[in-house]
Amino acid sequence: MTVGSHNVAVADPAVPRPPTTPCVVPLYTNASFDNPSGPTPINYTPPAGCPGPWQKVVLTVDVSMLGTNQFDRTGSIWLGGAILYFGTTQEPSVAPPSATTWHIERDVTDYSAVFAAAQSGHSDFVNYVEGPYNGKLSGSAALYFYPVVHGDAHENHGNEQGNDDNGNGHLQPRPDVVLSMNANPANGTYALNTTADQYTATYTLLPRNIERAYLDVYAQSQSNDEIWYSCNPNDQGTLSFFGCNNTAFRETEVSIDGQPAGVAPVYPWIYTGGTGNPWLWEPIPGVQTLSFTPYRVDLTPFAGQLDDGKTHTVSLSVFNANQYFSVAGNLLLYLDHGSKQVRGSVLSNTLTAAPTPKVVENLTTDANKNLTGGNITVTSKRKFAITGVVVTSHGVVQTQVAQDVAFSNSQDYSLPANSEGENILQASTVDSTTTRTDGRHTAILREHFSYPLKLDLGYFQQPDGSYQQYSDVKEQGFRQSVSLWPLLSPPVSATLDNTFDGNNTILINSAQTAITGVTNTYSDQDYRYKDSFGECYSRKISSKNNALTGWVDGAACWMGSNNLSWRDRFSQFASRAYGATVQLLP
């Protein structure tokens, strides 16, 4: 990063790497994504010089946008049907001959089963160069395979379980099988236009020794749903700043064989053309804008049901979808290596098929019954528990997933003549407690997710007849805390807080035909991570007038020292004590 730069800047840390030399497998190099006739093909072969299992696998994606004007575009990378990356692009922020560039890293170690054999895949970036939209998109992607660290100083912490079959007992457990929800590996994401629409995967030959199961869920808002958090009830027509309906509440539902199985909250991602104000996101994009983090749903209570040798379906739907949500999912399975057949069942399930949101409208009108302002709120609360049991080679294991899922959105409207203001205050939280016991040992995993959003939007006529359109993001946040309480060990915990705030005002002439300038432009991103092993990272970056003004490292850490050289210590401990990979902090 360079002070004064207009190029992309993010506060997110790079993926911590083991101290071994990786083997690098390019997926594609300097590929053009302009005016595509189809996805860019990928032909993958495992690295001969780094045979698995691997300590870590990291996906890197480098993207370039060359030009002066272009929409934000959606991109994804697939291998063997599994989705490895999903995100959007930065709109141009520097002028030719320079290009707007950015770098993405993802820890994809949990998908190691996909990388064990040769696979076909594709990159699904789509960019159209036409008319004034001259921005040209290209990029490269590669996988970095890190050999196992033997005799590592950090490899033993507390109660370890889940040794792998290759004698590398210090490796953290990872899924034995990774299955896409795509029946056709050449397909990409799936569009859900209404609440009734479902994205369903049918599995006919699942392993019969599944002990644990998870689903990584993506639900990206598109088209009318892009700014869903500003939508209004259908009886209010186009009151919303962006003219969308079905209220400002969305939620992803997961089902197995038609039975409710889990809930995934929808994150309010904002793209680099988002809120109708592309200047706001230069040079700092919003939280996770360039690389989405999937929400991991624990389906372990259904493991016994999936082991019965019958055909099973896993489905996604988005409550209140209003054209449309782009969804995808990877099913992750952990197997009982000591048994060919695991038996079990779902013991209880109190999750209902659909939420029951409450909408309250307090709007004001003038003498002519024209709306002048007021407030609309929508809230939803879900509390449920799902319990299942499996009889494994190492005993009877019972798992309960208990969750409180809460959502609230409050919209304050101001509607004077020729003007409109909408102030949004939204909160989305999940409090989850997963209890796993085998009769001798008990592990309790507690997770908290919070997606705060405070956004003020306005389009106001000025005394001289001109207009100002402002977007003021007072807070867009992603917060997560994880704590694990295994038997015979002290609890371990980790927290993450990733927050963006920024502002920009567009000046428009009185005829509303031309933009005459922008003003009051600034933004900040603050990323913080801490865990009970003493690892800590913090970085805050700031910009003004679309140029980076500086950054501060380590301010939230003890003695101001950033240390993520081995953030995996928390993940390794938690995984061993819990017997499966804990969804740990992006």
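**Labels and their cut-offs**

Tutor: F86, Y218, Y267, W269, Y271, F292, Y451 and F478 form one aromatic cluster. This is a predicted model, in which local features need pLDDT of at least 70, side-chain atom pairs count only at pLDDT 80 or more, and totals for chains, interfaces and linings use all residues. Residues are numbered from 1 along each chain as its sequence is written, and side-chain values use heavy atoms, with hydrogens and water left out.

Student: What makes Y214 and Y334 an edge-to-face pair?
Tutor: Rings of Phe, Tyr and Trp (its six-membered ring) pair if their centres lie within 6.5 Å; planes under 30 degrees apart count as stacked, over 60 as edge-to-face and the rest as tilted. Y214 and Y334 are 5.8 Å apart centre to centre with 75° between the planes, so the pair is edge-to-face. Y214 lies in strand β12 and Y334 in strand β17, so the pair ties together parts 120 residues apart in sequence.

Student: Why is R446 said to lie over the face of W485?
Tutor: The rule asks for NZ of Lys or CZ of Arg within 6 Å of the ring centre and within 35 degrees of the ring normal. R446 lies at 4.7 Å from the ring centre of W485. The charged end of R17 sits over the ring of Y144, 5.5 Å from its centre.

Student: Which residues have pLDDT under 50?
Tutor: Residues 152-169 do; pLDDT is the predictor's confidence in each residue, from 0 to 100. Where pLDDT is low, the predicted coordinates should not be read in detail. The protein chain averages a pLDDT of 91.

Notes. Contact means heavy atoms within 4.5 Å. Helices (H or I, at least four residues) and strands (E, at least two) are DSSP runs, numbered from the N terminus.
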